[in-house]
Amino acid sequence: MVNTKVDLSGLVLDNPIIPASGTFGFGYEFADWYDINILGSISCKGTTKEPRFGNPTPRIAECTEGMINSVGLQNPGVDKVISEELPKLAKVYNKPIIANVSGFSIDEYAYTCEKMDAQPQVGILEVNVSCPNVHNGGMSFGTSPESAAAVTKAVKAVTKKPVYIKLSPNVTDIVSIAKACEDAGADGISLINTLLGMRIDLKTRKPVIANKMGGFSGPAIFPVAVRMIYQVYEAVNIPIIGMGGVSSARNVIEMMLAGATAVQVGAANLVDPCACKKIIQDLPEVMKQFGINDITEIIGGSHNG
């Protein structure tokens, strides 16, 4: 019998598989497909202080081996998430969740994280610093070590639960940003978020997505994610939740060898609502194929020697 349990800052998961934020709603929607309690945890839909309708449509563009989305953080706002969405999830899911939080100013991040931190269901706060900083010309908080560190410090000052900072890959040096977050008190790092991509309609000669550009995800970005996780693992001493193009149990093993302690599955859920279930079912057999008895033994295994 293989051991698939992993430990994220004291939160023990039955397995390392977590549906990624933005690809699994608030979780309860998938309970009609299978028993979602088999999941290690759930990273819920990104939540902001105020309700957001999101970006204009069309928001989705298909790509070879992936997709581009520009949904724009559509969500009902933190108060309704707490009063309506989390209770619905609690009826069908009995494990701690990961609350994904976004903001457009440091005060917004702190406000929303403090509210989510107080919820008994929340085990970890995942802070998405890929949002545009409205007080700094629209540049993402995750594009500089200083901005990412400032968000980290503000959130840590008002929360008690582990804080994981979700980093954007659209930077020249992700390692320095991850290190700045660790130095500012982050308990862990989540990476990678989507790459910036674009499609153009040959008939109209205009961008397919109304917002012109959006986040590129899917199997095509997996090698980029593995590379960045590998680099960040060498620089920090805090756990990493890896994500980016994961669609199989073999992908999970590879990402953990690069340095991930747990792995999120994103775009695959939009192709097959049972993607996470299948990966969890396949994982023990794949572990046996490669002589892995305890999955924690392989975390960062590619760095040895």
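How many residues of strand 7 are buried? Seven of its seven residues are buried, so the strand is mostly covered. Here, buried means under 20% relative accessible area, exposed means over 50%, and partly exposed lies in between (1.4 Å probe, protein chains only).

## Basis of the model

This is a predicted model, in which local features need pLDDT of at least 70, side-chain atom pairs count only at pLDDT 80 or more, and totals for chains, interfaces and linings use all residues. Residues are numbered from 1 along each chain as its sequence is written, and side-chain values use heavy atoms, with hydrogens and water left out.

Helices (H or I, at least four residues) and strands (E, at least two) are DSSP runs, numbered from the N terminus.

## Strand 7 and its partners

Strand 7 spans residues 122-128. Strand 6 (residues 97-101) runs parallel to strand 7, and five bridges join them. Two strands pair if DSSP finds at least two bridges between them. Val 127 of strand 7 is the bridge partner of Val 101.

Strand 8 (residues 163-166) also pairs with strand 7 in the parallel sense, over four bridges. Leu 125 has Val 163 of strand 8 as its bridge partner. Glu 126 is bridged to Tyr 164.

Strand 6, helix 2 (residues 106-117) and strand 7 form a right-handed β-α-β unit. A crossover is right-handed if, with the strands pointing away from the viewer, the path from the first strand over the helix to the second runs clockwise.

Strand 8 is covered on both faces. Val 163 and Ile 165 are buried on one side. Tyr 164 and Lys 166 are buried on the other.

Strand 9 (residues 188-191) runs parallel to strand 8, joined by three bridges. Ile 189 of strand 9 stands opposite Ile 165. Strand 8, helix 4 (residues 174-183) and strand 9 make another unit of the β-α-β kind, right-handed.

## Helix 1

Helix 1 covers residues 78-90 and bends by about 30° at Glu 84. The bend at a residue is the angle between axes fitted to the seven residues ending there and the seven starting there. A proline, Pro 87, follows within four residues.

Which residues of helix 1 are buried? They are Val 78, Val 81, Glu 85, Leu 86 and Leu 89. An α-helix has 3.6 residues a turn, so residues three or four places apart point the same way. The buried residues of helix 1 pack against strand 6 and helix 2.

## The largest pocket

The largest pocket holds about 1,300 Å³ of space. Of its 49 lining residues, the closest to the centre are Asn 69, Asn 128, Asn 193, Thr 194 and Gly 215. Strand 5 (66-69), strand 10 (195-197), strand 11 and strand 13 (262-265) each give two or more residues to the lining. Strand 11 supplies the largest share, three residues.

On a 1 Å grid over the protein atoms alone, a pocket is an open set of points where a 1.4 Å probe fits, with protein on both sides within 12 Å along at least five of seven lines; lining residues have an atom within 4 Å of a point. Grid points are joined across faces, edges and corners, and a volume is the space filled by probe spheres set on the points.

## Ser 217

Ser 217 lies in strand 11 (residues 214-217). Its relative accessible area is 12%, so Ser 217 is buried. Leaving aside neighbours within four places in sequence, Ser 217 is in contact (heavy atoms within 4.5 Å) with Glu 65, Gly 66, Met 67, Thr 194 and Ala 267.

## Backbone exceptions

Most residues other than glycine have a negative phi, and most peptide bonds are trans. Thr 57 and Pro 58 are joined by a cis peptide bond, with omega about 0°. Pro 58 sits in the loop between strand 3 (17-19) and strand 4 (60-63). A cis peptide bond also joins Leu 191 and Ile 192, with omega about 10°. Ile 192 is in the loop between strand 9 and strand 10.

Arg 205 has a positive phi, near 60°. Lys 212 has a positive phi near 75°. Arg 205 lies in the loop between strand 10 and strand 11, and Lys 212 has its place in the loop between strand 10 and strand 11. Arg 205 counts as exposed because its relative accessibility is 73%. Lys 212, at 49%, counts as partly exposed.
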